[in-house]
Structures are given as structure tokens and as C-alpha cells.
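Try each one before reading the solution.

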Amino acid sequence: SLGYAYTAYCIPLAAKLLMIIIDVLQSIPLLSFVPSVVTGLIAVFPGARIGVELAAMLLLFTSMAWNLVLGFYQSLLGIPKELREASDMLQLSAWKRFWTLELPAGCISLIWNSIMSVAGGWFFLISIESFELGSQSYRLPGLGSYLALAAENANYKALCFGLLTVISIIVATDILLWRPLIAWSTKFQFSSGRLHDNQAGRSWSPLGMLMQRSQFIRVLGSKYGVPLWNNFTNLDIIIARRLKRWRDSQQERVRDAVEESLRASEDYMRSLSTTQVSKLNPALGPDDFDVEERQISDAVQETPRFAKQAPSRSKNDIFTFVKDPRFKQAVFSLVRYAVIVGLSICLFYSSWMSILILRKLSLSAWIEIFTGSLFTLARVCAALLLSLLWTVPLGVAIGRD
């Protein structure tokens, strides 16, 4: 969810496509994913329960991920312009900006949407852990299958115990996890000058107050937590420094090896006597040998300098070319046109295949589909209206209390 939303936030062109995809996927009912997902994973893991387990986890993911993506994306878009400019002035890297600005900006939205996602997971628990596909029945050990079996056998006692267990888990999760997280996330509000709200958030979580007053947790956080977090947020700088040291050491080793080989060659040339050189080339005399020795010595001394300068000049030329705005604009335009062409081809092919399939439907089938769609739309609108009639007053009452 974080990676999907962050990609849409960083790449405006991708945001349009990614938001359309997620809007379509979240509109598809969860149970419509069951046949394809379960059949595919069972085919990958034949005769093993892991296929059904992975299918259940994937279906839970489809019921929980969408609002996390949309909530985090909207939080990133709502970051004040002043904070973005401040991060640019401080020259924060993309890694540090994400962990110190962008993730904290979406922290409140992620926590509240996580509560909604977990609630959605509880809602679909029975459908995911106990379902039928064709002539086969699949049941996974868990509260969902337990409640489904109790309902099928009309065992109301077991059903009440199962519901009581679910309620106990929800209440315990709220006290031990959600309330401390909500109280902790109040410090990431952009309008954090309202001291009363922050104090209310802390007093709302007894466990959070206990953890804040604990001397052990305070010392542990200041001694280990803060240094580890600083090292983590500066991880890209630490890695860059280590890579630079490793690169410098490798360059130094190569330079030493080249200089050592050049010195060995120079010593060997100087060790040759005039007689040996004369045997190799009788036309050379002693004076000629002195001149040629000086030329060899000068060439040996100049070689390391050229070896050091030439690669750096070529590297700088490449980096300058890559950093050229015209080059970046050309690459961006090429990628954009390639994506547009690819999507156009896929859309045309899908439309043509859909036309070939839909042309086989009769007029009565089209009327039935249109009538069913109208009834479905009416049910959705009625459910939305009924939800607004009680959730809006309840939200206002909670917000004012």
C-alpha cells in the first residue's frame, strides 16, 4: 500500500493510471475473487493446504488494502508547501524525506484506515475461512470457520461463545494497540499548536500514559531507540560513505599496482647495460642510450597522471550529459509516449475482444443485464443513504465529546 501510493505521488503520469486501477479493483466484490484466486493457488500447490491459506490471506488483503492506499495518497498530497520547500532547502535525500516528512504526514491516516481495514477483515472472516467452490468445501481452522460451522449446525451456544471471543479480541486490540497508536500519532498533526487536543489524545490512552511515564521505556528510547532511528533515516548517507571509501580503496589499489608495475619496468630498463642495449640495436651508441632512457623515464612518470585524469574526464562528461534537462525531458517524453501507445493497444484489443463476446448476447439478455444493474445501483444508493443517516450524527457526537 505504501509503495503503490508513494509511486502515484512521485510520478504524476503514473498517478492517473494507478488511481484508475485501484478504483476499479476496490469496486469489484470480494467474493468474485474467490473462484479465480483459489483455483489458481490450488493448481500451484496441489494437495497442500498452503494454497488455500495463501488464497485466504490474498482475499483478506483485497478487503483491507484499498482504503490504506487512498488514505496515504491523499495525506501525501496534503503536505503543506512550506514543509516541502524546507526539505528542499535542507537538501534531504529521497530516503530521509520519506521517513522524516512523508511517512509522518500519512501516519494519522494510515492508523485510522488500518482500523477500518481490520474491521473489514473481521466482516469477511466467515466468507474467507469457510467457502464452497463447485462440489468441494474448504474450511480453514479459525474463528470464521468455527462460526460458520456453528451456524450451520444451529449450535447457538457455540455461536455465542465465538462471537464473545471476537468481541473480546476487538476490545483488547483497541485498548492495547489502536488507542496508544492514535495517541502517539497526534504529534504528527500539522496544526499541532492546539495543546488541548494533544493532551486529550494522551489521556484517552491509559496504556500510552503508562508507557510515557515509564522511566525504563524513556531511558531505553533515548539510549537505543533514538540512535537507531537516526542511523536508519541516514542509511543512504552511511551507505554512500562506505561505498565511497570502498571505491577510493579500490582505486588506490589499482593505482599502486600500476605504479608498481611501471617502477618495475623502469628498473628493468635501467638495469640493462649499454652493451646489452647495443646488442639489441647495434645502431645505438652510449649517447643515444642516455637520450632514450630519459624518454622512457619521462613516459613512465607521465603515465600515472594520464591514467588518473582520463577516466574522470569521461565520467564527468557522461554525468553532465545525463543531468542535462533536455536529456531528461527527452527520456520522459519517450517513456510517456511508449506507455500511451501500449495502453492504447491493450485498450483496442480488449475492446475488440469484448465486442466479439458481447455480440452473441440476445436482446432479452441485454434487457436483463440492464434491469439487474439498475436494481444493484438502487440497493447501493439505499445502503449509502442509510449509512449516512446514522454515521454522520454519530460522528458529530463523538467529535464534539
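**Exercise 1.** Is Trp184 buried, partly exposed or exposed?

Solution. This is a predicted model, so take the values as computed from it. The relative accessible area of Trp184 is 41%. Buried would need under 20%, and exposed over 50%. Trp184 is therefore partly exposed, as 41% falls in between.

**Exercise 2.** Work out how the rings of Trp184 and Phe188 are arranged.

Solution. Start with the total: there are 10 aromatic pairs. For Trp184 and Phe188, the ring centres are 5.0 Å apart, within the 6.5 Å cut-off, so the rings pair. Next, look at the planes: they sit at 80°, and over 60 degrees counts as edge-to-face, so that is the label here. Phe188 is partly exposed too, with 21% relative accessibility. Elsewhere, ring pairs join Tyr6, Tyr9, Trp95, Phe98, Trp99, Trp229 and Phe232 into a cluster.

**Exercise 3.** Which helix gives the largest share of the nonpolar patch?

Solution. List the members: Leu17, Ile21, Leu25, Val331, Val335, Val339 and Leu343 make a nonpolar surface patch of about 480 Å². Helix H2 (12–27) and helix H17 (325–358) each give two or more residues. H17 has the largest share, with 4 residues. Val335 lies in helix H17 and is partly exposed at 46% relative accessibility.

Notes:
Residues numbered from 1 in each chain as written. Predicted model: local features only at pLDDT ≥ 70, side-chain atom pairs only at ≥ 80, totals over all residues. Heavy atoms only, no water. Phe/Tyr/Trp six-rings, centres within 6.5 Å; stacked < 30°, edge-to-face > 60°. Buried < 20%, exposed > 50% of the residue type's maximum accessible area, 1.4 Å probe, protein only. Patch = residues over 30% accessible without salt bridge, like charges linked within 9 Å, V, L, I, M, F, W, Y side chains within 5 Å. Areas by Shrake-Rupley, 256 points an atom, 1.4 Å probe, with all protein chains shown as cover. Salt bridge = Lys/Arg side-chain N within 4 Å of Asp/Glu carboxyl O.
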